[in-house]
Amino acid sequence: MDLQNITNLITLQGVKIAQIDNKAEEVSVWVEPSEYIQNCPCCGRNQVIRNGKDGFRFVRHLPIAEKKCLLIVPQIRLRCKNCSATFGWQYEFMSGKERYTKAFKANVYKNSIGSTVKNASELTDSPYSTTERFFKTIIMKLAPLTEAYATKTAQEATKLILGIDDFAIRKGHNYNTGIHDLRGETFLALIKGRKLNDLREYTKRNVKLAMLSPYAVVMDLAKQYHIFVSEIFHNAIRVADRFHVNGYIMDALNEVRRRTSKDLAPQAKLNLKRHKHILIKRNDQLNAFEYKLLKTLLAYSKELRVTVQREH
């Protein structure tokens with residue numbers, strides 16, 4: 001492959017190919033600026049002279065024929081005769097002193113969207129730490145746009161349903177609170193902490209959240225969440241989420257089962273404990289054998305029968 005084809009393939013602006021070293025797994029490309037001088041970034045004049053070179057920089061570019069491409073770029077010193085400013089040659093295809101071209105970074109960004117850092121690192125054949133840094137950079141750029149879109153969607157939603165819950169990266173450590181648009185399946189707010197004062201302070205700084213008018217808010221039974229919703233979303237219906245309600249119901253049912261077992265005969269007590277899972281199954285999930293077994297278990301205790309409250 002000749003130099004002109006290589007130049008067209010890697011699509012570099014403002015430089016020309018000086019030399020190519022095509023190795024088994026890597027292509028090294030020496031480049032030189034197309035122009036002899038560059039306008040001064042301070043005064044904008046072209047009264048600039050070269051002051052030699054400070055060696056070369058090795059810059060990663062997009063792969064060529066599935067091989068890693070490394071650009072060898074001269075670090076050229078320049079001085080402006082008009083304002084006496086000294087500066088280094090600025091290349092259009094990369095920013096500052098970075099070791100990756102803009103095209104390579106864009107490719108990492110593209111592979112990072114909807115993916116993991118590890119997967120993007122493998123696809124682009126780049127170090128994990130580098131990919132993670134690019135990953136965080138794109139998140140910082142996209143986060144405000146995504147947040148604005150999610151908030152706008154929530155504001156325009158008909159019968160908006162919000163969800164509030166706390167979480168921790170490691171259980172038992174510092175907890176944060178997340179607020180979600182459940183129907184839109186978007187994340188609206190991340191609040192540091194889960195105490196009532198934390199929630200109040202956040203809404204003072206982020207008035208857009210307080211301006212939402214949800215039809216209902218789904219949450220667990222934590223007192224601070226119910227107080228917070230009653231203060232901020234006055235007209236919203238407060239709904240206890242099914243997971244926590246089911247948990248309390250199961251705890252109550254098991255307590256009744258353990259208490260009534262104390263007065264049962266040994267065989268009945270063993271039978272009730274062995275088949276306790278039958279008590280929590282829905283009617284439509286029971287087969288004929290389980291249905292018959294359920295009737296036997298409920299016959300052991302009137303209190304248990306009233307607690308389960310099944311219609312047969």
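Reader: Which residues of α5 and α7 meet in this model?

Author: The model is predicted, and in it helix α5 covers residues 196–205 while helix α7 covers residues 223–232. By class, the contact of α5 with α7 has 6 nonpolar, 2 polar and 2 charged residues. From α7 come Gln224, Tyr225, Ile227, Phe228, Glu231 and Ile232, and they meet Leu196, Leu199, Arg200 and Thr203 of α5.

Reader: Are α5 and α7 roughly parallel or roughly perpendicular to each other?

Author: The axes of α5 and α7 come within 9 Å and cross at roughly 30°. The crossing is right-handed. Angles under 35 degrees count as roughly parallel, and α5 and α7 are therefore roughly parallel.

Reader: Which residue forms an aromatic pair with Phe228, and what is the angle between the planes?

Author: Phe228 belongs to the α7 side of the contact with α5. Both Phe228 and Phe233 are buried. These two residues form an edge-to-face aromatic pair, with 6.4 Å centre to centre. The partner is Phe233, and the angle between the planes is 85°.

Reader: How are α2 and α4 oriented to each other, roughly parallel or roughly perpendicular?

Author: Helix α2 spans residues 102–112 and helix α4 spans residues 128–156. Their axes are 10 Å apart, and the packing angle is about 75°. Angles of 65 to 115 degrees count as roughly perpendicular, so α2 and α4 are roughly perpendicular.

Reader: Which residues of α4 does α2 meet?

Author: By class, the contact of α2 with α4 has 6 nonpolar, 3 polar and 2 charged residues. On the α2 side are Phe104, Lys105, Val108, Tyr109 and Ser112. The residues they meet in α4 are Thr131, Phe134, Phe135, Thr137, Ile138 and Lys141.

Reader: What kind of aromatic pair do Tyr100 and Phe134 form?

Author: The structure holds 5 aromatic pairs. In the pair of Tyr100 and Phe134, the rings are 5.5 Å apart centre to centre, with 85° between the planes. Planes over 60 degrees apart count as edge-to-face, so the pair of Tyr100 and Phe134 is edge-to-face.

Reader: Where in the chain do Tyr100 and Phe134 lie, and how many residues apart are they?

Author: Tyr100 is in the loop between β5 (86–88) and α2, whereas Phe134 is in helix α4. Their pair links distant parts of the chain. The separation is 34 residues.

Reader: Are Tyr100 and Phe134 buried or exposed?

Author: Tyr100 has a relative accessible area of 10%, and Phe134 has a relative accessibility of 2%. Buried means under 20%. Tyr100 therefore counts as buried, and Phe134 likewise counts as buried.

Reader: Which residues form one aromatic cluster with Phe134?

Author: Phe134 lies on the α4 side of the contact with α2, while Phe104 and Tyr109 lie on the α2 side. Tyr100 comes from the loop between β5 and α2. The residues that form one aromatic cluster with Phe134 are Tyr100, Phe104 and Tyr109.

Reader: Which residues of α4 make the contact with α3?

Author: The axes of α3 and α4 are 9 Å apart at an angle of about 115°, and the crossing is right-handed. The contact residues divide into 4 nonpolar, 3 polar and 2 charged. Val117, Lys118, Ala120, Ser121 and Thr124 take part from α3. The α4 residues are Tyr128, Thr131, Glu132 and Phe135.

Reader: What is the phi of Asp125, in the loop between α3 and α4?

Author: Most residues other than glycine have a negative phi. Asp125 has a positive value, and it counts as partly exposed at 49% relative accessibility. Its phi is near 55°.

Reader: What is the phi of Ser84?

Author: Ser84 lies in the loop between β4 (67–80) and β5. At 53% relative accessibility, Ser84 counts as exposed. Its phi is also positive, near 65°.

Reader: Which residues does Glu290 touch, not counting residues up to four places away in sequence?

Author: Glu290 is in helix α10 (residues 288–298). With a relative accessibility of 13%, Glu290 counts as buried. The residues it touches are Ile278, Lys281 and Gln285.

How values were computed. Residues numbered from 1 in each chain as written. Predicted model: local features only at pLDDT ≥ 70, side-chain atom pairs only at ≥ 80, totals over all residues. Heavy atoms only, no water. Axes fitted to C-alpha atoms, helices over the stretch in contact; angles between N-to-C directions. Helix = DSSP H or I, 4+ residues; strand = E, 2+ residues; numbered from the N terminus. Parallel < 35°, antiparallel > 145°, perpendicular 65-115°, else oblique. Contact = heavy atoms within 4.5 Å. Nonpolar A, V, L, I, M, F, W, Y, C, P; charged D, E, K, R; others polar. Left-handed = near helix turned anticlockwise from the far one by under 90°. Phe/Tyr/Trp six-rings, centres within 6.5 Å; stacked < 30°, edge-to-face > 60°. Buried < 20%, exposed > 50% of the residue type's maximum accessible area, 1.4 Å probe, protein only.
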